Amino acid sequence: MYRLIITGSLAIALMVALSSVFIATSFGTSENQKSSAGSKTYTNTDYNIKIEYPKNWKKSETDLDSHVIVGFKAPDTKDVIDPAGFIISNFQISDNSILDDFVTYFFKEKYPQPEDYKLIESSNATVAGMDGRQFILYEYQKSLLEGFPGSTDKVMRVLTLDTNTSNGYSLKYWAQPSLFNKYLPTAQRMFDSFEIVTARTQNITAPPEQK
């Protein structure tokens, strides 16, 4: 009788432990699915790029500035219109250029006047496995209407150059200065998810019937 009691107790303990593992595993799975369900994948085969973005952000490929491939905007809040956004741009650079050449070219192209921006900090970065440069700065935009004040955005901009194709990429996160830190974690996930999709990558990831 004593041995049967011990065996029964062990069986109950084992069942409780297995139930705990099952619950923890199920919870982890649901959290991953919830996180995955919160984003969408944008792919552009003309420029061979791919990026993850929040599903509640608005994507736009029309009425954009020159060189811009796509833009994403955070939803309006109760008090703020266009609180933050993310833009991807492409520049064709001369053959045999290096990253420093692209950075110099970009700043001359984007900020022709010294008063167009104020640099806060810069550092090296890695983008889609390539060397890049990261800049935190303020961008100042003049008002199109005389007598009205312009606007100021706080920006994180990352520049990288694909030396194989001489394509320079600018990834820009912008926000109203008071909201910059609020949306920064979301923007950082977008930076981290950015990929250059080569023909080899497409063949590896494509289903067998698409190869």
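Author: A salt bridge is a side-chain nitrogen of Lys or Arg within 4 Å of a carboxyl oxygen of Asp or Glu. The structure discussed here is a predicted model.

Reader: How many salt bridges does the count come to by this rule?

Author: The count comes to six salt bridges. Some of these join into a network, whose members are Glu139, Arg157 and Lys172.

Reader: How far apart are the closest N and O atoms of Lys172 and Glu139, and which strands hold the two residues?

Author: In the salt bridge between Lys172 and Glu139, the closest N and O atoms are 2.9 Å apart. Lys172 belongs to strand E9 (residues 167–175) and Glu139 to strand E7, so this pair ties together parts of the chain that are 33 residues apart in sequence. The two side chains also make a polar contact, at 2.9 Å.

Reader: Are Lys172 and Glu139 buried or exposed?

Author: Both residues are buried. For Lys172 the relative accessibility is 8%, and this residue counts as buried because the cut-off is under 20%.

Reader: With which residues is Lys172 in contact, leaving aside its neighbours within four places in sequence?

Author: Apart from those neighbours, Lys172 is in contact with Gly85, Phe86, Ile87, Glu139, Val155, Met156 and Arg157. Glu139 and Arg157 in that list are also linked with Lys172 in the network of salt bridges.

Reader: Which residue forms a salt bridge with Asp100, and where do the two partners lie?

Author: Asp100 forms a salt bridge with Arg133, and the closest N and O atoms are 2.8 Å apart. This pair links distant parts of the chain, with Asp100 in helix H2 (residues 99–110) and Arg133 in strand E7 (residues 130–141), 33 residues apart. Asp100 has a relative accessible area of 38% and is partly exposed. Arg133, at 23% relative accessibility, likewise counts as partly exposed.

Reader: What is the geometry of the rings of Phe102 and Phe106?

Author: Their centres are 6.2 Å apart and their planes lie at 65 degrees, so the pair is edge-to-face because the cut-off is over 60 degrees. Phe102 and Phe106 are four residues apart in helix H2, which means a separation of about one helical turn. Both residues are buried.

Reader: Which residues do ring pairs link into a cluster?

Author: The cluster consists of Phe91, Phe102, Tyr105, Phe106, Phe107, Tyr111, Tyr117 and Phe135.

Reader: Let us consider the nonpolar cores. How many residues has the largest, and which have the most contacts inside it?

Author: The largest nonpolar core has 31 residues, and those with the most contacts inside it are Phe72, Phe86, Ile88, Tyr173 and Phe194. Two or more residues come from each of strand E2 (49–54), strand E4 (68–73), E5, E6, E7, strand E8 (151–162), E9 and helix H3 (180–193). H3 gives the most to this core, with five residues.

Reader: With which residues is Ile88 in contact, leaving aside its neighbours within four places in sequence?

Author: Apart from those neighbours, the contacts of Ile88 are Ile49, Ile51, His67, Val68, Ile69, Val70, Phe72, Ser170 and Phe194. There is also a second, separate core of 14 residues, which includes Phe91, Phe106, Leu137 and Leu161.

Conventions: Residues numbered from 1 in each chain as written. Predicted model: local features only at pLDDT ≥ 70, side-chain atom pairs only at ≥ 80, totals over all residues. Heavy atoms only, no water. Buried < 20%, exposed > 50% of the residue type's maximum accessible area, 1.4 Å probe, protein only. Polar contact = N/O pair within 3.5 Å; in protein donor to acceptor, adjacent residues only side chain to side chain. Contact = heavy atoms within 4.5 Å. Phe/Tyr/Trp six-rings, centres within 6.5 Å; stacked < 30°, edge-to-face > 60°. Core = buried A, V, L, I, M, F, W, Y, C linked by side-chain atoms within 4.5 Å.
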